Amino acid sequence: MTDILFILFAVVAVGGAVGVVVGRSPVASLLFMVATLASVAGIYVLFEAHFLAAIQVLVYAGAIMVLFLFVIMLLNLGHDYRADLRYGSWSLLSLVVVGLTAGVLMQGFSGDTGAALLENGATVAAAIDAAVIEKGAVGVIADPLFTDYVVAFELMGLLLLVAIVAAVVLAKPRGAGEG
Amino acid sequence: MGEMQELSTFWFVTFGAVKVVAVFTVVMAVVAYMTLAERRVSAFIQDRLGPNRVGPFGLLQPIADGIKNIIKEETMPGTAAKFYFVLGPALAIMPAVVTFAVIPFAAPLPTPVGTVDMIVADVPIGILYILALSSLAVYGIVLSGWASNNKYAFLGGLRASAQMISYEVALGLSVIAVLLLAGNVTLTEMVWKQQQLGLWFVFPLSLAFIFFLISALAETNRLPFDMPEAESELITGYHTEYSAMKFSMFFIAEYAHVVTASALMATLFFGGWDIPFWPGDDMFRHEGAWIRGFDESGAPIPTSPSVLITLLTLAAFSAKTGFFLLLYIWIRWTLPRFRYDQVMHLGWKVLLPAALAYIMLIAGTMLVLDQLGVAYGMLYGLVLTAVSGVTTLAFLFFVDRDRVISGAHRKRTTRASAARPAAGPAGRTTSS
């Protein structure tokens, strides 16, 4: 059952990812991306990472992609898109990048390294199961995030704040900044 | 007694399937009859009769409406993006009907083969599941607005996405206060914590409840926040071009959201299926046994589920949810619609900072109480109730002073009253 669901989610995730790239209209690409994000969330649930799945749907599919859709609709990009399509040397470069990534992943998960990962994974999974029982599905992520990694977490927040301030500055009409 | 018998896989799946079908049917029936209730209550409020011809008291009206919607002609605008036009209603209704799954609706039911939890799926992320899925609801509305290729529908879709993103923030922040006090995200545990506190969370977290109520109204696109539909401005907004069952699906989705939001308010702030002033129904799974609470020494007090308690708690849950359904209708036919900029102002400049400050206050109070060694119980709850009560009064005072939400009518009267003294008493003083 789990295997069937995994294959289903995996096919939708990969198919959606391909769809994002080859989709003709921006709205179609966006919906493919939502399908991919939702399928990845489904895979997280199969791994019993419920919290991660919920956050994936809540933040990416439910907030960020809605903002994307909002922008696409506000700028009315969905209807006359053919002029925006570009082909050429970039698509060749993307093929090279995809090939390299696939190669690195296959190197990482095949042979001895893969077996070692699997063996290691079992012990890690047992430790995570114990932590989930002790702290709950949310606590097991929140606890290290706000203790061990709190500096990195806050710095990340600061980085996003810088991006937001920059966006506001860029969006401001020229001359309105003074006074 | 206290010991519990776990369900075997076969019975777990069987009862699971029964619960899915039963809950889905009940939610759909409530949705159907809420359309009737809305029309009857609005008629009562406006001193009319409302639909009363089909069956006794008009009770068969929803069935007649359903048949009408199914046999009506499905129109498809020639310039619409066909695929997305059909996809829209489907995407709108899907999240609406699945969110009820994580809400516990009664105390566990004992059966000869084991105890059955009265919840469709007790997932470990509880409330986050509801927040995540209801955040997807906006796709249906936005897509149908865009695919209709109609300016009114398009504006409705844009408004919907802006509004839902804005109020999702306030909604999430008001839930955080509940999470702080409950200490977990599953709704079963929230009900249990309210039973242990001896107070429903609406008292210690009164301001969070107000924020939640406002945000839930905005998230379900109900008046006074029905900007995406706003008949007087946008015809009916995103579903202007829809007819027959596709149109009906938007309505089913909206009412299903209302039912879930009502059940959620009952669960988060009004004790869920808890019966007030009676500890006999308190029940929680603790280390493989059913317990009612802990005695002075911290030892668990065992209890055992019974059919009677399940039925009584089911009645309590239905009564609370029913009250909020009525409140939704009541608000809709009492308050006028906000202006669009007022909606955005309220969401971003009032609710968001106020909710953040309130979380700080609640977390700070809880930290002080924990440091003082106050046990989780009545005293703990009462201190928080006092703090929240003062904050709520301050918030309402601030909001009500015409500074934050000021309608056009009030602005004119204040300007007129400001102008009058200048011409009246002021003129008299200069003349004397």
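**Close-up 1. Crossing of α3(A) and α6(B) in the predicted model.** Helix α3(A) passes α6(B) in a left-handed crossing, the near helix being turned anticlockwise from the far one by less than a right angle. The two helices pack at an angle of about 150°, with their axes 10 Å apart; axes are lines fitted to C-alpha atoms over the stretch in contact, and angles run from 0 to 180 degrees between N-to-C directions. α3(A) and α6(B) are therefore roughly antiparallel, a term for angles over 145 degrees. Helices are DSSP runs (H or I, at least four residues), and strands likewise (E, at least two), numbered from the N terminus. This is a predicted model, in which local features need pLDDT of at least 70, side-chain atom pairs count only at pLDDT 80 or more, and totals for chains, interfaces and linings use all residues. Residues are numbered from 1 along each chain as its sequence is written, and chains are lettered from A and ligands numbered from 1 in the order in which they are written.

**Close-up 2. Residues at the contact of α3(A) with α6(B).** On α3(A), the contributors include A:A63, A:V66 and A:F70, and on α6(B) they include B:G157, B:L158 and B:I165; contact requires C-beta atoms, placed from the backbone, within 7 Å. The residues of this contact comprise 10 nonpolar, two polar and no charged.

Close-up 3. Strands β3(B) and β4(B) run antiparallel and are joined by three bridges, with B:H286 opposite B:A289. Three bridges also join β4(B) to β5(B), again antiparallel, and B:G293 stands opposite B:I301.

Methods: Angles under 35 degrees count as roughly parallel, over 145 as roughly antiparallel, 65 to 115 as roughly perpendicular and the rest as oblique. Two residues are in contact if their C-beta atoms, placed from the backbone, lie within 7 Å. Ala, Val, Leu, Ile, Met, Phe, Trp, Tyr, Cys and Pro count as nonpolar, Asp, Glu, Lys and Arg as charged, and the others, Gly among them, as polar. Two strands pair if DSSP finds at least two bridges between them.
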